[in-house]
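Subject: Structure for you to look through

Hello,

I am passing on the structure we talked about, and below it you will find some notes on what was found. Please read them with the model open beside you.

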Amino acid sequence: MAINPVNLVRISNNLRANSLVESLRRNTLSLFLEQNRLSTGNKLSSLSEDPVTASRALRLTEALEQQDQILANIKHADGFLSATDTAVGEIHDLLIQAHTIASESANSVVSQEQRDASAELVLGIIDQLVNVGNRQLGDVYLFGGRRSTTVPFSQNSGGVEYRGDTGDLTAHVDTGQDAAVNVNGAELFGALASRVSGFADLNPALTADTRLADAKGSAGLGVQRGSIRVTLSSPATGFVVDLSGTDTFGDVVDRINGAAAAAGLAVGAGSPFNASINAAGNGISLAVAGGTVSVAEIAGGVTARDLGILGTAAGTLVGGDVQVRLTPDTAISALFGGAGATLGSILVTNGAASRTIDLSGAATVQDVLNTINTAGLGVQAGINAAGTGIDIVNSTSGTELSVGEAGGNTAGLLGIRSTYGGTQLAALNGGKGVSSRPGKDDFRVVARDGSSFNVSIDGAATVQDVLNRINAAAAAAGVNVSAGLATTGNGIQLTDATGGVAGPLRVERLNLSAAIDGLGLNKTAGPADTVLVGDNTGALKTDSVFTALADLHAAMVRGDVGAITTAGSKISALVDSSNRLHGVVGARARAMSTRLEYTEAAVDATRALLSDVKDLDYTTAVTQFQKAQTALQANLMTGSKLLQLSLMDFIG
Amino acid sequence: MGLITGALQIGRSALLAYQSALQVVGNNVSNAGSASYTRQTPVLSPAGGISLPEGYTPGGGVTLSALKRNVDGTLENRIRYSLGEQNSALTRQQALGRIESILNELSDTDLSSLLQGFFNAFSTLQNRPHDPGTRGIVLTAGESLVREIKRQRSDTLALRDELNQDLEGTAREAAGYARDIAELNAQITEAESANPGGSSALRDQRDDLLRKLSELVQIEVREQPNGGVNVYVGNEPLIQDGVNRGLTTTLDHVNGEPRTVVRFADNNGTVELRSGRMAGIVETRDTQVMGHVDALNGLAAVLISEVNKVHSQGQGLEGFRDVTGSYDVMSATAALNTAAAGLGLTPGNGSFQITVRNLATGALTTATIPVDLDGLGADDSLSSLVAQINARATNLTAVATSDNRLRLTAADGFEIRFGQDSSNVLAALGVNTFFTGIDAQDIAVDTTLTANAGLLAAGRSATAGDGSNAAALAELATRRLDGLRGQSLTDYYNTIVANVAVRGAAAKAGVEAADAISASLNAQRESVSGVSLDEETISMLRLERAFQGAARYSSTVDQLIQEMLRLVG
């Protein structure tokens, strides 16, 4: 409504007209706004009409857009998990089928013809398993891990090779929450179960270039970058070092020295103050010319602890080991605390394929890994999770992997020898172990000069224990024969230094012990050889579904009832684990479906709220429109009447 | 004087006076529709001078002694002030309405939706990192976002240019009014020196012009004894003692932005604009319009740097064979975090990794490149960075180009990938980045990506199903950023929009308040100065009757004379 002062004393014609024009303008404007609302269906035609509501609408729209995306992600995850669930169910059924075949065939009354026929069925099951393993959802392989566009399983002569990885495919299913939507082939079939786990801690040296991110910290909790306080007793001074923004240990040392210099201390080796990498090459040390130096945390920080320099020392405060992690670009020369390693060749055998891999040109760990990985042996070398050594994984199911020496000690040095001193005897022979005769000698070693000694391996747990027993027995008998690990390939090697020529160096069975078979020592050296190299019994076989089925197939073709039973019980265990996996995947799929439902409900709720804020209530709007219309009509009517009134009409 | 002539004289005075008064009424009636007209009231007073033979002096009839202009001087001042306020509020509201329509919020294609859509596309990419189609969607979403930011900027700048032109036109209009007022001053002074109060029409014209001028700029008017007015703008005189200083404009460039400035024509001094249309234009242009451009620039700058910081940590389906950074440094030997290097995003102390992949074997070789910017000893410059890369990485060549960019070229059969950049130097130099440019003017999706979507860094490894970097990019939508004082990008933009809305609402309220005041003052003015036809009709009747009376009196006197003449004759 037009606002006019009411204390006017006289009304001019212009005023009357202006007032009418003004009130008509307002009436028409509100009518127009109502009409605009009705035609757009929006409560607000512009933001400034009601900034508070507009701001709420904006935020709700934003929330809705986010939720819609999350909903789409959940639908994607749900689809993927459902497909995975179905596939895992099929695998479970196939394994049950295989188990039934094994049970039926593990019976001596079954004829070999029937076994041969069933063996064909087993091959068919392997094919079907590979097919399911290679199933795609759209253009993505369900079980390839993050190598989602590479066919994950391929059958080759030696077995089934897994070409995927163990990575997760993820989807953003809630604010701040990513969920894995897949099961990788390694989980599914145990495809990568066999590995040569690096046994050597390669212990990379700390250098100025070592990144803080690559150190596990003195407490094994990483390195937090905060401030520390360094205090000197002579001269009595102290300073604070801000280590935020440092990236490498070189930066840390520079910062500490920089802060010392800023505090007026002469800095450098032999000067009153010097921070440096410690002599052991695994931490930091702070040296002072006299008195003590101490380092303390500031305000509850943990930086000094993580850097291993918390404390007080006279003269030199030698920091603890900050546990530098092995990284791809760790130099070979930096291994073993900076002592480095001289690399030669290793011998890698995977199934029928065997290669001597020359690592002498490797400058970094990455070079070693690349050389092994690109040798075409179906193996993958990588840095282990702890960041201490190298693992070699056999990605082919059904083949045996062994990594040994090629006339040197490189494999042992790098900790990637499949049989080494620490290898458990129980792990040899595909997990069957080595049997011995309790309380009795297991074998006799006869040297070239005819002298001999008896060895009992009863109670030995590791390969090194066996070597020790042999060497001890040889020493006790005064026979100049020594045992060690083979310098070519794997296995145990006996060296005859007796100089005799009476007969060949040989190992003989005693007391019907099977120990020499288990150790690969059931051998006689050549007449001229002074060295007897045992067979490799420590080759690793992937304990996967495919291995078990291949074993079953082989046993059935051979008609080996015992082996069929063994394979059958392995498959039975796999049925159980696949059942478990099916349960887990099923639960994940159901959880995702539930999430889908409640997210849909949440989206609907937001939509309703937004509609409440933004959309027009037509009943109110129509009423408002009619009100505005009536007001305009009334105004027009009174206005036209009022303007017509004039004294002129009544005179003359 | 004889008795008879005296009596006739009285009649004559009445006839003349009422005739004149009727004319005044007629003038009022004829101006009843004229907005700027000031109602005049004839003042009739008894004339003296004629004595009766008995010695009494009843008076000499009636005379139109004055013409009263019904005007309230203080009210005029208040009206002029309110007109200024009203116009500045209106201008502000109009410009904010324009900005609001530039924002185009509450629609499906507004910037906030595009921003959210951009990050949502990354979330979809996390689901399907291997898929070229999804990569295309991300790039398209990026381009739509960029286009919208640029459109808003150019539309806002067009609005600024319009306001500049508007200000120029308005200043010209104001100069014209000032000139006319000065001329009227001269005419009124001249007319009133001969005949005080005899220039009501001229004064009406001048009042009208003063009102028009005060719509454009707040003025202070002081009337002088000679009838002229002095007009002040701000603290300076515009018209004083008959001298008009004149108004003009110049097109200045402030920080490279064209700005029209209003100046006095005589000495080019700037005019202090307090309210009125011109003040509204200047205020809106400098705070609202340029404020919105600044806000867009801020948004674009943070968007570019934050997205690039994350994107440069990732790897695409394929690596780079040959990549040149999109940002150059001003000096290849200046430390990268100094002003002498002049990078938009300042890198910090840290390191990054370059992984060179052998295309034939898939073998990866990673080199860690330290970026020493800790302020201790020599800090890294572009050229020392190039030297570091060449010393540490194999099968690639790094060079600083002639225009001071970083260029990395893989050897034949190799490709380059990046990762773990704790220094942000890759984002700062524009290597492996999503956006190029530094603000809303030149923001663009990196053409390297549009040419080859496989380079879009969805993962942090060389595997097709790795969507981890896409996840980190999608998460940027809601991540609180230091560069935005703890707000997320979407929050920041929502704040921009909310500010425009609140200012728009405030301007609207301001206009309504100013309208109300102005309407009230005008009503008061009309109440004093406006013509009421009914009143005038009554005056007319009254004067007609009086005239009739005077005529009757004159004819009576005439009869007396005739009687007397008959006696003589």
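A cavity, on a 1 Å grid over the protein atoms alone, is a set of points where a 1.4 Å probe fits but cannot get out, whereas a pocket is an open set with protein on both sides within 12 Å along at least five of seven lines, and lining residues have an atom within 4 Å of a point. Grid points are joined across faces, edges and corners, and a volume is the space filled by probe spheres set on the points. Please keep in mind that this is a predicted model, in which local features need pLDDT of at least 70 and side-chain atom pairs count only at pLDDT 80 or more, while totals for chains, interfaces and linings use all residues. Residues are numbered from 1 along each chain as its sequence is written, chains are lettered from A and ligands numbered from 1 in the order in which they are written, and side-chain values use heavy atoms, with hydrogens and water left out.

The structure holds eight cavities of 30 Å³ or more, and the largest cavity has about 60 Å³ of space. Its lining is made by A:Thr419, A:Leu428, A:Val463, A:Gly491, A:Ile492, A:Leu519, A:Asp535, A:Asn536, A:Thr537 and A:Gly538. By class, that lining of the largest cavity has four nonpolar, five polar and one charged residues, where Ala, Val, Leu, Ile, Met, Phe, Trp, Tyr, Cys and Pro count as nonpolar, Asp, Glu, Lys and Arg as charged, and the others, Gly among them, as polar.

The second largest pocket holds about 1,000 Å³ of space. It is lined by 35 residues, of which A:Leu29, A:Leu33, A:Glu49, B:Gln93 and B:Lys508 are the closest to its centre. At least two lining residues each come from helix H1 (13-40) and helix H14 (618-644) of chain A and from helix H2 (73-103) and helix H11 (489-529) of chain B; here helices (H or I, at least four residues) and strands (E, at least two) are DSSP runs, numbered from the N terminus. H1(A) gives the most to this lining, with 10 residues, and the lining as a whole divides into 11 nonpolar, 14 polar and 10 charged residues.

Helices packed in chain B

Axes are lines fitted to C-alpha atoms, for helices over the stretch in contact, and angles run from 0 to 180 degrees between N-to-C directions. Helix H3 (residues 111-127) of chain B packs against helix H4 (residues 132-194) of chain B at an angle of about 160°, with their axes 9 Å apart. That makes H3(B) roughly antiparallel to H4(B), a term for angles over 145 degrees, while those under 35 count as roughly parallel, 65 to 115 as roughly perpendicular and the rest as oblique. The crossing of H3(B) and H4(B) is left-handed, meaning that the near helix is turned anticlockwise from the far one by less than a right angle, with clockwise being right-handed. The contact (heavy atoms within 4.5 Å) includes B:Leu111, B:Leu114 and B:Phe118 of H3(B) and B:Ile137, B:Val138 and B:Leu145 of H4(B).

H4(B) also packs with helix H6 (residues 277-311) of chain B, at an angle of about 165° and with axes 10 Å apart, and the two are therefore roughly antiparallel. This crossing of H4(B) and H6(B) is left-handed, and the residues of their contact divide into 18 nonpolar, six polar and five charged.

Two places in the backbone

In chain A, the peptide bond from A:Ser234 to A:Pro235 is cis, with omega near -5°, and A:Pro235 is placed in the loop between strand E8 (227-233) and strand E9 (236-242). A:Phe336 has a positive phi of about 55° although it is not a glycine, and A:Phe336 sits in the loop between strand E12 (311-318) and strand E13 (345-350) of chain A.

Best wishes
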